[in-house]
Amino acid sequence: QFEYTQKRERIFEDMDWKPIQVGQTWGGLEASALFRCKATIPEHFKGKPVALKLYFNGDGLLRIDGKAYHGLDPFRDAVFLTDCAQDGETYNLEAECYIMWHFGEGEIKTFESSHFAVYDPELNDAYWDLRSAFNVMMTEGLEQELIDFLRESLAEATKPIDQRATDAQSVREMALRAQKIVREKIYKSDSFKRRGMIHLCG
């Protein structure tokens with residue numbers, strides 16, 4: 001861990017690397033930290049589109065093989081790596097993180113996630129179509145009429161989703177049906193078209 005000075009210098013607590021696992025904590029007053037490891041694609045991911053689910057908490061930048069690659073924060077914790085993984089493919093990962101991504105957070109952070117996942121672009125799009133509409137609904141100062149419209153549309157879209165379902169294909173089909181409803185009810189609606197305001201987009 002280290003602290004930046006006003007001269008953009010790093011003052012390290014120590015120069016030794018220490019192991020850390022998901023669920024453990026890091027941080028402190030004005031703390032930043034460097035994390036690094038080598039990650040190898042497991043055999044069962046061969047030939048599949050793969051992403052890295054990675055979040056240390058706070059605000060960070062991920063480098064892969066020495067090159068800046070992806071920002072890390074609560075909304076950017078899925079890092080697309082390849083559309084066709086190779087068995088044994090290895091990545092040199094290094095992340096630099098600061099304890100806060102906005103004001104008012106605590107100083108001690110929990111290392112939340114670090115694992116490979118098969119990436120489904122259609123399912124990812126469905127998630128963000130639903131999430132974006134929800135985020136707009138939660139915006140302060142939004143007209144009550146629009147809040148009610150969004151709430152009712154999201155309820156209609158998500159009501160058929162069985163939250164107890166465990167079959168991946170069934171979950172995928174339900175999510176895509178919900179996306180279709182949201183796009184028809186919300187994204188094609190004129191409710192958000194106002195002069196001088198950007199149209200709702202996902």
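**Reading exposure, helix packing and pockets**

Analyst: Let us begin with a single residue in this predicted model. E152 has a relative accessible area of 56%, which is over the 50% cut-off, so E152 is exposed.

User: In which helix is E152 found?

Analyst: E152 belongs to helix α2, which covers residues 144-158. The C-alpha atom of E152 is separated by 9.7 Å from that of K185, and these two residues are 33 residues apart along the chain.

User: How should I read the packing of two helices?

Analyst: Two packed helices are described by the angle between their axes and by the distance between those axes. In this structure, α1 and α2 pack at an angle of about 150°, and their axes are 9 Å apart.

User: Are α1 and α2 roughly parallel or roughly antiparallel to each other?

Analyst: An angle over 145 degrees counts as roughly antiparallel. With an angle of about 150°, α1 and α2 are therefore roughly antiparallel to each other. The crossing in which α1 passes α2 is left-handed.

User: How does one find the empty space in a model?

Analyst: Rolling a probe the size of a water molecule over the atoms shows where empty space is left. Here, the largest pocket has a volume of about 700 Å³.

User: Which residues lie nearest the centre of the largest pocket?

Analyst: The lining of the largest pocket consists of 30 residues, and W17, K18, I20, L34 and F35 lie nearest the centre. By class, 20 of the lining residues are nonpolar, four are polar and six are charged.

User: Which element supplies the largest share of that lining?

Analyst: β4 does, with six residues. The strands that each supply at least two residues of this lining are β3 (25-27), β4 (32-40), β5 (50-55), β9 (90-98) and β11 (113-118).

User: What is the volume of the second largest pocket, and how many residues line it?

Analyst: The second largest pocket has a volume of about 540 Å³. It is lined by 20 residues, of which K53, D77, A78, N124 and W128 lie nearest its centre. Two or more residues of this lining come from each of β5, β8 (78-82), β11 and α1 (121-137). The largest share, five residues, comes from α1.

User: How do the residues of that lining divide by class?

Analyst: The lining of the second largest pocket has 13 nonpolar, two polar and five charged residues.

Technical notes. Residues numbered from 1 in each chain as written. Predicted model: local features only at pLDDT ≥ 70, side-chain atom pairs only at ≥ 80, totals over all residues. Heavy atoms only, no water. 1 Å grid on protein atoms, 1.4 Å probe; cavity = no way out; pocket = protein on both sides within 12 Å on 5 of 7 lines; lining within 4 Å. Points joined across faces, edges and corners; volume = space filled by probe spheres on them. Helix = DSSP H or I, 4+ residues; strand = E, 2+ residues; numbered from the N terminus. Nonpolar A, V, L, I, M, F, W, Y, C, P; charged D, E, K, R; others polar. Buried < 20%, exposed > 50% of the residue type's maximum accessible area, 1.4 Å probe, protein only. Axes fitted to C-alpha atoms, helices over the stretch in contact; angles between N-to-C directions. Parallel < 35°, antiparallel > 145°, perpendicular 65-115°, else oblique. Left-handed = near helix turned anticlockwise from the far one by under 90°.
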